[in-house]
Amino acid sequence: MSLQVKLQAESVAYQKIQSEHSLLVEARQRLDAQLSENELVKKEFDQLTSDNVVYKQIGPALVLQDQFEAKSNVETRLEFIRGEIKRIEVQLKDTELRAESKKQELVDIQTALQQQQIQQEPIAPNPSAITST
């Protein structure tokens, strides 16, 4: 495989890793927003007394919900979101490492390609070495 073809293939692979990384960053941002929202709900629930009534929206209707069940659901969501954030963080680190490795491969191939081009250039005669008689 020529260096030019290898450079093209590795460049495509690098772009794929960057795209994957971007998707993970977006997912992480969505999870952060969900985490903040659910933490806000939890704070509100912490201020409730046993006399307060909690409703859950199901479609267009509000349905009475047990306060303990509602708090439990929020806690479960928070645990799930935190777990997903940890999972995404691991994937982000992995894609960062793979991207850095692929970037180094690209630099190495480009260097080799430049060396190859330098070696293939014809040697121009030195004009001062030519003497006229």
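Hi everyone. Let me start with a definition: a salt bridge here is a side-chain nitrogen of Lys or Arg within 4 Å of a carboxyl oxygen of Asp or Glu. With that in hand, Glu10, Lys102 and Glu105 are linked in a network of such bridges. One caution before I go on: what you see is a predicted model.

Let me stay with the charges for a moment. The structure holds 10 salt bridges. One of them pairs Arg98 with Glu20, with the closest N and O atoms 2.8 Å apart. That pair links distant parts of the chain, since Arg98 sits in helix α2 and Glu20 in helix α1 (residues 3-46), 78 residues apart.

The side chains of Asp94 and Arg98 meet in a salt bridge, at 3.3 Å from N to O. Both lie in α2, four residues apart, which is about one turn of the helix. Asp94 is partly exposed, with 38% relative accessibility.

Now for α2 as a whole. How many residues does this helix have? Helix α2 covers residues 67-120, which makes 54 residues, and reaches 78 Å from its first C-alpha to its last, close to the 80 Å expected.

Next, please look at the strands. Strand β1 (residues 54-58) and strand β2 (residues 61-65) run antiparallel, joined by five bridges. Ile58 stands opposite Ala61, and Tyr55 stands opposite Leu64. Two residues lie between the strands of this hairpin, and Gly59 takes a positive phi near 65 degrees.

Which residues make a nonpolar patch on the surface? They are Val53, Tyr55, Leu62 and Leu64, with about 460 Å² of accessible area together. Leu62 is found in β2, and Leu62 counts as exposed because its relative accessible area is 60%, over the 50% cut-off.

Conventions:
Residues numbered from 1 in each chain as written. Predicted model: local features only at pLDDT ≥ 70, side-chain atom pairs only at ≥ 80, totals over all residues. Heavy atoms only, no water. Expected span 1.5 Å × (residues − 1). Pairing = 2+ DSSP bridges. Patch = residues over 30% accessible without salt bridge, like charges linked within 9 Å, V, L, I, M, F, W, Y side chains within 5 Å. Areas by Shrake-Rupley, 256 points an atom, 1.4 Å probe, with all protein chains shown as cover. Buried < 20%, exposed > 50% of the residue type's maximum accessible area, 1.4 Å probe, protein only.
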